[in-house]
Amino acid sequence: MSRQTSRLDAKKVNSELFTLTYGALVTQLIKDVDNVDDVNKQLERMGYNIGVRLIEDFLARSGSGKCYDFRDTSEKIQLATRMYLGVSPTISNWSPSGDEFSLVMDSNPITDFVELPDSHMGLKYSNMLLGVIRGSCEMVQLEVSCWFAQDQLKGDNTTEIRVKLLRKLEDSVPAGED
Amino acid sequence: MADPVFFELLHAQIVKYVEERQTKDTDLSSLDTIGFTCGYKIIERLTRDWPKFKDELEIVKFICTDFWMAVYGKQIDNLRTNNQGLYVLQDNMFRCLNKIAIGKEHLQVAPLYYTFTCGLVRGSLANLGVHCVVNAEVQNMPSVKFHIQVNRL
(Lines give C-alpha, C1' and ligand atoms only; values in the text may rest on other atoms or scores of the structure.)
Protein backbone atom coordinates (compact mmCIF):
# COMPACT_ATOMS: atom_id res chain seq x y z
CA MET A 1 0.00 0.00 0.00
CA SER A 2 2.85 2.42 0.59
CA ARG A 3 4.80 4.26 -2.04
CA GLN A 4 8.28 5.57 -1.55
CA THR A 5 7.81 9.14 -2.74
CA SER A 6 4.49 10.85 -3.11
CA ARG A 7 3.84 12.95 -6.16
CA LEU A 8 2.02 15.46 -4.01
CA ASP A 9 4.00 18.31 -2.52
CA ALA A 10 2.99 18.38 1.13
CA LYS A 11 3.85 22.02 1.66
CA LYS A 12 1.83 23.15 -1.32
CA VAL A 13 -1.08 20.98 -0.26
CA ASN A 14 -0.98 22.42 3.25
CA SER A 15 -0.93 25.92 1.89
CA GLU A 16 -3.95 25.31 -0.32
CA LEU A 17 -5.76 23.44 2.42
CA PHE A 18 -5.23 26.42 4.70
CA THR A 19 -6.51 28.81 2.07
CA LEU A 20 -9.60 26.71 1.35
CA THR A 21 -10.35 26.11 5.02
CA TYR A 22 -10.05 29.81 5.75
CA GLY A 23 -12.39 30.53 2.87
CA ALA A 24 -14.92 27.99 4.09
CA LEU A 25 -14.69 29.50 7.57
CA VAL A 26 -15.36 33.01 6.28
CA THR A 27 -18.33 31.72 4.29
CA GLN A 28 -19.70 30.01 7.39
CA LEU A 29 -19.20 33.14 9.47
CA ILE A 30 -21.06 35.25 6.93
CA LYS A 31 -23.89 32.73 6.97
CA ASP A 32 -24.08 32.68 10.77
CA VAL A 33 -23.55 36.35 11.44
CA ASP A 34 -25.41 38.91 9.36
CA ASN A 35 -23.32 41.91 10.17
CA VAL A 36 -20.07 42.28 8.21
CA ASP A 37 -18.44 44.19 11.06
CA ASP A 38 -19.13 41.32 13.45
CA VAL A 39 -17.54 38.93 10.97
CA ASN A 40 -14.47 41.17 10.85
CA LYS A 41 -14.31 41.22 14.65
CA GLN A 42 -14.74 37.47 14.88
CA LEU A 43 -11.93 36.90 12.36
CA GLU A 44 -9.64 39.24 14.27
CA ARG A 45 -10.45 37.51 17.54
CA MET A 46 -9.70 34.09 16.08
CA GLY A 47 -6.47 35.46 14.69
CA TYR A 48 -5.59 36.79 18.13
CA ASN A 49 -6.14 33.34 19.68
CA ILE A 50 -3.98 31.78 17.00
CA GLY A 51 -1.27 34.42 17.45
CA VAL A 52 -0.87 33.83 21.17
CA ARG A 53 -0.08 30.20 20.46
CA LEU A 54 1.81 30.65 17.23
CA ILE A 55 4.40 32.88 18.89
CA GLU A 56 5.58 29.97 21.04
CA ASP A 57 6.11 27.78 18.02
CA PHE A 58 7.91 30.64 16.29
CA LEU A 59 10.23 31.32 19.22
CA ALA A 60 11.00 27.63 19.59
CA ARG A 61 11.74 27.18 15.91
CA SER A 62 13.66 30.33 15.15
CA GLY A 63 15.58 30.37 18.41
CA SER A 64 15.17 34.15 18.50
CA GLY A 65 16.08 36.12 21.56
CA LYS A 66 14.68 39.41 22.76
CA CYS A 67 14.19 42.23 20.29
CA TYR A 68 16.23 45.34 21.00
CA ASP A 69 13.92 47.70 19.25
CA PHE A 70 10.88 47.80 17.05
CA ARG A 71 12.96 47.34 13.92
CA ASP A 72 14.06 43.97 15.30
CA THR A 73 10.43 43.14 15.85
CA SER A 74 9.56 44.01 12.28
CA GLU A 75 12.27 41.68 11.03
CA LYS A 76 10.92 38.87 13.19
CA ILE A 77 7.41 39.43 11.87
CA GLN A 78 8.84 39.30 8.37
CA LEU A 79 10.58 36.01 9.17
CA ALA A 80 7.43 34.57 10.67
CA THR A 81 5.39 35.50 7.62
CA ARG A 82 7.89 33.64 5.51
CA MET A 83 7.77 30.61 7.80
CA TYR A 84 4.03 30.34 8.17
CA LEU A 85 2.56 31.81 5.03
CA GLY A 86 5.36 31.01 2.64
CA VAL A 87 5.63 34.54 1.26
CA SER A 88 8.43 37.05 1.75
CA PRO A 89 7.03 40.48 2.58
CA THR A 90 9.08 43.67 2.54
CA ILE A 91 9.29 46.15 5.39
CA SER A 92 8.92 49.76 4.41
CA ASN A 93 7.40 53.15 5.18
CA TRP A 94 8.88 53.59 8.61
CA SER A 95 7.43 56.48 10.54
CA PRO A 96 9.93 59.15 11.67
CA SER A 97 9.61 58.05 15.29
CA GLY A 98 10.35 54.42 14.37
CA ASP A 99 7.18 53.04 15.91
CA GLU A 100 5.18 52.33 12.80
CA PHE A 101 5.99 50.34 9.66
CA SER A 102 4.40 48.62 6.71
CA LEU A 103 4.52 44.96 5.85
CA VAL A 104 4.06 44.77 2.09
CA MET A 105 3.14 41.53 0.36
CA ASP A 106 2.96 41.08 -3.37
CA SER A 107 0.68 38.14 -2.94
CA ASN A 108 -1.47 37.09 -0.05
CA PRO A 109 -1.76 33.30 -0.01
CA ILE A 110 -4.99 33.21 1.95
CA THR A 111 -6.75 35.14 -0.78
CA ASP A 112 -5.77 32.78 -3.59
CA PHE A 113 -8.92 31.87 -5.53
CA VAL A 114 -10.92 34.57 -3.70
CA GLU A 115 -13.03 37.37 -5.09
CA LEU A 116 -15.03 39.77 -2.98
CA PRO A 117 -18.57 40.29 -4.21
CA ASP A 118 -19.88 43.86 -4.29
CA SER A 119 -22.39 43.14 -1.56
CA HIS A 120 -19.59 42.41 0.90
CA MET A 121 -17.16 45.20 0.22
CA GLY A 122 -17.00 45.99 3.93
CA LEU A 123 -15.58 42.57 4.69
CA LYS A 124 -11.98 42.56 5.79
CA TYR A 125 -11.29 39.12 4.47
CA SER A 126 -7.75 38.78 5.77
CA ASN A 127 -8.56 40.25 9.16
CA MET A 128 -7.29 37.12 10.85
CA LEU A 129 -3.73 38.06 9.92
CA LEU A 130 -4.04 41.30 11.86
CA GLY A 131 -5.23 39.35 14.88
CA VAL A 132 -2.31 36.95 14.59
CA ILE A 133 0.17 39.83 14.64
CA ARG A 134 -1.59 41.50 17.56
CA GLY A 135 -1.82 38.28 19.58
CA SER A 136 1.74 37.20 19.08
CA CYS A 137 3.11 40.66 19.89
CA GLU A 138 1.04 40.83 23.05
CA MET A 139 2.65 37.62 24.26
CA VAL A 140 6.03 39.30 23.99
CA GLN A 141 4.84 42.35 25.89
CA LEU A 142 4.16 44.64 22.96
CA GLU A 143 0.81 46.22 22.38
CA VAL A 144 0.42 46.90 18.69
CA SER A 145 -2.32 48.08 16.44
CA CYS A 146 -2.58 46.78 12.86
CA TRP A 147 -4.70 47.66 9.91
CA PHE A 148 -4.77 47.22 6.16
CA ALA A 149 -3.42 50.18 4.23
CA GLN A 150 -3.86 48.36 0.94
CA ASP A 151 -5.71 45.18 0.05
CA GLN A 152 -5.38 43.31 -3.23
CA LEU A 153 -8.88 41.93 -2.78
CA LYS A 154 -10.21 45.46 -2.94
CA GLY A 155 -8.33 46.27 -6.12
CA ASP A 156 -5.01 47.60 -4.84
CA ASN A 157 -1.69 46.49 -6.31
CA THR A 158 -0.28 45.03 -3.15
CA THR A 159 -1.43 44.02 0.27
CA GLU A 160 -0.01 46.36 2.87
CA ILE A 161 -0.41 45.86 6.60
CA ARG A 162 0.46 48.80 8.78
CA VAL A 163 1.76 47.90 12.25
CA LYS A 164 2.03 50.51 14.98
CA LEU A 165 3.59 50.05 18.37
CA LEU A 166 1.25 51.46 21.00
CA ARG A 167 3.19 50.66 24.13
CA LYS A 168 5.31 48.10 25.88
CA LEU A 169 3.31 46.04 28.34
CA GLU A 170 4.63 45.74 31.84
CA ASP A 171 4.60 42.48 33.79
CA SER A 172 1.30 40.67 33.49
CA VAL A 173 -0.64 40.29 30.27
CA PRO A 174 -4.34 41.22 30.53
CA ALA A 175 -6.30 38.23 31.73
CA GLY A 176 -8.85 36.66 29.41
CA GLU A 177 -8.15 36.26 25.70
CA ASP A 178 -11.67 37.05 24.62
CA MET B 1 5.16 26.96 1.76
CA ALA B 2 2.71 27.13 4.62
CA ASP B 3 3.32 25.41 7.88
CA PRO B 4 1.15 22.59 9.25
CA VAL B 5 1.20 24.26 12.66
CA PHE B 6 -0.68 27.26 11.32
CA PHE B 7 -3.34 25.00 9.84
CA GLU B 8 -3.67 23.06 13.11
CA LEU B 9 -4.21 26.27 15.02
CA LEU B 10 -6.78 27.44 12.48
CA HIS B 11 -8.57 24.10 12.77
CA ALA B 12 -8.59 24.43 16.56
CA GLN B 13 -10.12 27.90 16.31
CA ILE B 14 -12.81 26.69 13.92
CA VAL B 15 -13.64 23.87 16.33
CA LYS B 16 -13.86 26.36 19.19
CA TYR B 17 -16.11 28.65 17.17
CA VAL B 18 -18.49 25.84 16.22
CA GLU B 19 -18.53 24.54 19.77
CA GLU B 20 -19.46 27.96 21.11
CA ARG B 21 -22.25 28.38 18.60
CA GLN B 22 -23.85 24.96 18.76
CA THR B 23 -27.32 25.06 20.26
CA LYS B 24 -27.76 21.31 20.60
CA ASP B 25 -25.13 19.05 22.06
CA THR B 26 -24.24 17.13 18.96
CA ASP B 27 -24.75 19.63 16.17
CA LEU B 28 -21.43 19.56 14.39
CA SER B 29 -22.88 19.91 10.92
CA SER B 30 -21.13 23.22 10.20
CA LEU B 31 -17.76 21.60 10.91
CA ASP B 32 -18.66 18.82 8.54
CA THR B 33 -19.78 21.33 5.89
CA ILE B 34 -16.55 23.30 6.14
CA GLY B 35 -14.59 20.06 5.75
CA PHE B 36 -16.75 18.96 2.84
CA THR B 37 -16.26 22.24 0.96
CA CYS B 38 -12.50 22.07 1.45
CA GLY B 39 -12.23 18.43 0.44
CA TYR B 40 -14.37 18.96 -2.64
CA LYS B 41 -12.22 21.84 -3.84
CA ILE B 42 -8.81 20.60 -2.88
CA ILE B 43 -9.11 17.20 -4.51
CA GLU B 44 -9.51 18.85 -7.91
CA ARG B 45 -6.21 20.61 -7.55
CA LEU B 46 -4.44 17.61 -6.11
CA THR B 47 -5.47 15.13 -8.76
CA ARG B 48 -5.23 17.43 -11.76
CA ASP B 49 -2.30 15.58 -13.29
CA TRP B 50 -3.04 12.21 -11.77
CA PRO B 51 -3.74 9.18 -13.98
CA LYS B 52 -7.34 8.00 -13.97
CA PHE B 53 -8.36 5.78 -11.06
CA LYS B 54 -9.24 2.25 -12.08
CA ASP B 55 -11.97 1.69 -9.52
CA GLU B 56 -13.40 2.71 -6.19
CA LEU B 57 -10.76 0.82 -4.22
CA GLU B 58 -7.99 2.70 -6.04
CA ILE B 59 -9.62 5.96 -5.03
CA VAL B 60 -9.83 4.94 -1.39
CA LYS B 61 -6.23 3.76 -1.49
CA PHE B 62 -5.23 7.15 -2.87
CA ILE B 63 -6.93 8.80 0.09
CA CYS B 64 -5.09 6.47 2.46
CA THR B 65 -1.68 7.05 0.98
CA ASP B 66 -0.91 10.19 -1.00
CA PHE B 67 -3.78 12.31 0.27
CA TRP B 68 -3.29 11.50 3.96
CA MET B 69 0.47 11.90 3.59
CA ALA B 70 0.09 15.31 2.06
CA VAL B 71 -2.48 16.55 4.56
CA TYR B 72 -1.44 14.82 7.79
CA GLY B 73 2.18 13.91 7.16
CA LYS B 74 1.66 10.18 7.36
CA GLN B 75 -0.31 7.42 5.69
CA ILE B 76 -3.34 5.62 7.02
CA ASP B 77 -2.12 2.74 9.15
CA ASN B 78 -4.78 0.20 8.34
CA LEU B 79 -7.42 -0.14 5.63
CA ARG B 80 -10.17 -2.73 5.78
CA THR B 81 -13.07 -3.28 3.44
CA ASN B 82 -15.91 -5.69 3.07
CA ASN B 83 -15.77 -5.23 -0.71
CA GLN B 84 -19.36 -4.08 -0.60
CA GLY B 85 -18.86 -0.38 -0.15
CA LEU B 86 -17.77 -0.24 3.47
CA TYR B 87 -14.21 0.90 4.18
CA VAL B 88 -12.58 1.38 7.55
CA LEU B 89 -9.51 3.61 7.67
CA GLN B 90 -7.49 3.51 10.85
CA ASP B 91 -5.06 6.22 11.83
CA ASN B 92 -3.20 5.32 15.01
CA MET B 93 -1.70 8.72 15.57
CA PHE B 94 -4.29 11.15 14.27
CA ARG B 95 -2.64 14.54 14.22
CA CYS B 96 -5.66 16.49 15.39
CA LEU B 97 -5.98 14.32 18.48
CA ASN B 98 -2.44 13.44 19.44
CA LYS B 99 -1.92 16.57 21.49
CA ILE B 100 -5.10 16.11 23.49
CA ALA B 101 -4.79 12.80 25.25
CA ILE B 102 -3.47 9.28 25.05
CA GLY B 103 -5.68 6.38 26.05
CA LYS B 104 -9.25 6.69 27.23
CA GLU B 105 -9.17 10.24 28.56
CA HIS B 106 -11.25 13.02 27.01
CA LEU B 107 -13.00 10.71 24.54
CA GLN B 108 -16.02 13.01 24.52
CA VAL B 109 -14.13 15.81 22.75
CA ALA B 110 -12.84 13.57 19.98
CA PRO B 111 -15.88 14.14 17.70
CA LEU B 112 -15.10 17.87 17.65
CA TYR B 113 -11.72 17.13 16.19
CA TYR B 114 -12.47 14.43 13.68
CA THR B 115 -15.64 15.89 12.17
CA PHE B 116 -13.75 18.29 9.94
CA THR B 117 -11.70 15.39 8.57
CA CYS B 118 -14.84 13.32 8.01
CA GLY B 119 -16.18 16.17 5.91
CA LEU B 120 -12.84 16.53 4.14
CA VAL B 121 -12.84 12.86 3.13
CA ARG B 122 -16.51 12.96 2.13
CA GLY B 123 -15.93 16.06 -0.03
CA SER B 124 -12.84 14.63 -1.69
CA LEU B 125 -14.58 11.38 -2.51
CA ALA B 126 -17.67 13.19 -3.75
CA ASN B 127 -15.69 15.12 -6.31
CA LEU B 128 -14.05 11.89 -7.43
CA GLY B 129 -17.44 10.39 -8.07
CA VAL B 130 -17.77 8.33 -4.91
CA HIS B 131 -20.82 9.41 -2.92
CA CYS B 132 -20.71 8.22 0.63
CA VAL B 133 -21.28 8.84 4.28
CA VAL B 134 -18.24 9.21 6.51
CA ASN B 135 -18.27 8.67 10.25
CA ALA B 136 -15.58 8.01 12.76
CA GLU B 137 -15.07 6.38 16.09
CA VAL B 138 -12.43 6.72 18.73
CA GLN B 139 -11.87 4.06 21.33
CA ASN B 140 -8.35 4.94 22.30
CA MET B 141 -6.89 8.37 21.78
CA PRO B 142 -5.27 9.27 19.43
CA SER B 143 -6.29 6.35 17.26
CA VAL B 144 -9.29 7.02 14.99
CA LYS B 145 -11.24 4.74 12.70
CA PHE B 146 -12.97 6.45 9.81
CA HIS B 147 -15.93 4.53 8.42
CA ILE B 148 -16.75 5.22 4.79
CA GLN B 149 -20.08 3.81 3.62
CA VAL B 150 -20.42 4.23 -0.12
CA ASN B 151 -23.94 4.81 -1.48
CA ARG B 152 -24.40 2.05 -3.96
CA LEU B 153 -27.63 2.51 -5.89
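User: Where does A:Thr159 sit, and what makes that stretch a strand?

Analyst: A:Thr159 is in strand E4 of chain A, residues 159-168. Helices (H or I, at least four residues) and strands (E, at least two) are DSSP runs, numbered from the N terminus.

User: What kind of model is this, and how is it labelled?

Analyst: It is a predicted model: local features need pLDDT of at least 70, side-chain atom pairs count only at pLDDT 80 or more, and totals for chains, interfaces and linings use all residues. Residues are numbered from 1 along each chain, chains are lettered from A and ligands numbered from 1 as written, and side-chain values use heavy atoms, without hydrogens and water.

User: Why is A:Thr159 called buried?

Analyst: Buried means under 20% relative accessible area, exposed over 50%, partly exposed in between (1.4 Å probe, protein chains only). A:Thr159 has 1% relative accessibility, so it counts as buried.

User: What makes the link between A:Thr159 and A:Gln152 a polar contact?

Analyst: A polar contact is a pair of N or O atoms within 3.5 Å; within protein, one must be able to donate a hydrogen and the other to accept it, and residues adjacent in sequence count only if both atoms are side-chain atoms. The side chains of A:Thr159 and A:Gln152 are joined at 3.0 Å.

User: Which residues does A:Thr159 touch?

Analyst: Contact means heavy atoms within 4.5 Å. Leaving out residues up to four places away in sequence, A:Thr159 touches several residues, including A:Leu103, A:Asn108 and A:Phe148.

User: Is A:Val144 buried or exposed, and how do you know?

Analyst: Its relative accessible area is 4%, so A:Val144 is buried. A:Val144 lies in strand E3 of chain A. Beyond its neighbours within four places, its contacts include A:Phe70, A:Ile133 and A:Leu165. A:Asp99 is 45 residues away along the chain, with 9.6 Å between the two C-alpha atoms.

User: How do you know that chain B agrees with a compact globule?

Analyst: The radius of gyration is taken over C-alpha atoms; the globule rule is 2.2 Å times the number of residues to the power 0.38. For 153 residues a compact globule would be near 15 Å; chain B has 15 Å, so it agrees. The C-alpha trace of chain B spans about 40 × 35 × 30 Å along its principal axes. Buried residues make up 54% of chain B.
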